[in-house]
Amino acid sequence: MPYIKLEAMNMKLKNNVNPDFNDLFSFNSKEEEIDYEAKVLMFHFLDRIQAKAEELGLNRKQLAEKIGTSASYITQLFRGDKLINLSTIAKFQKELGVKFTISMKDENSSLDDKDVALNQLTEKSFKTPTFKQVRRSNTSITKNPILRNKNSIGTKKKHEEI
Amino acid sequence: MRYLTQDAKHIKKFRYISEIILSGLKNTDLYDKEEIDDKSKGVTAMKFFKGQENDRIYCKEIIEDGKVFIVIMAILLEKKKNRKVKQRERNAIHKVGSYEYEIEK
């Protein structure tokens, strides 16, 4: 049974919209969906590449020359007729002087992995320390044997034992 | 709709264009402004098979409250063969440019 993927089209269609419209976003196979997802990923890379090329004043031919390919190959990528490979992306990175960064998120989450990591870090940072922990940290600052005598191996060892 | 569903390659292309529009990506090979003059403000074109059949669906972009972005497919123009805008295309673009839509909330 075909399943509908309306990730970008996160909208409710009204009753008077042609029901065939839904079929346009139904995939007949997993392969078809994977091919679509791959092209979508590529379009995200190309959007950034195009923006940088414009910033540098490069036309398509010049852009192609920079990475040692033809303008028509780049056009085929932009039209979704061919799929970019990671080596080509690496060449764009090198020649345009940019770095792509990667983030990831759970399908149903609005937060990406960096947001999640940051939230966890913030939660840890603001965790109220227990009384015992406070005493220990005070001890290490005021009575730190290393601070008293940095070169003394004996005191350092003593500190490690603490 | 018959145009879009005629075969797999048209469906595929339409999906790419939709994704590009809805994700706010720039890809002038697939979707671009078609504002040829003052009468065509907000007119854009979905470009199917540029360099081959070069069919286009002219659309109108509407900005609501300065942020909500809506694209309405309006006119299908098959086989745009010239780089210059011919009268037939000019008429179609002007027609789409003149359309007014009221968004129900």
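I count a salt bridge when a side-chain nitrogen of Lys or Arg lies within 4 Å of a carboxyl oxygen of Asp or Glu. The model is predicted: local features need pLDDT of at least 70, side-chain atom pairs count only at pLDDT 80 or more, and totals for chains, interfaces and linings use all residues. Residues are numbered from 1 along each chain as its sequence is written, chains are lettered from A in the order in which they are written, and side-chain values use heavy atoms, without hydrogens and water.

**Entry: the interface.** I looked up the salt bridges between chain B and chain A and found six by the rule. One of the bridging pairs I checked is B:K26 with A:E54, whose closest N and O atoms are 3.0 Å apart. Helix α1 of chain B (residues 8–23) gives the most to the side touching chain A, with 11 residues. Helices here are DSSP runs (H or I, at least four residues), numbered from the N terminus. I then took contact as heavy atoms within 4.5 Å. On that basis, 23 residues of chain B touch 27 of chain A.

**Entry: helix α5 of chain A.** Which residues of this helix are buried (under 20% relative accessible area, 1.4 Å probe, protein chains only)? I noted A:T88, A:I89, A:F92, A:Q93 and A:L96 in α5 (residues 86–96). Down the helix axis they fall within an arc of 145 degrees (by directions from the axis to the C-beta atoms), so they line one face. On the other side, A:L86 and A:K94 are exposed (over 50%). Among the parts covering the buried residues are α2 (30–55), α3 (60–66) and α4 (71–78) of chain A. After the helix comes A:G97, with a positive phi near 65 degrees.

Terms used:
Helix = DSSP H or I, 4+ residues; strand = E, 2+ residues; numbered from the N terminus.
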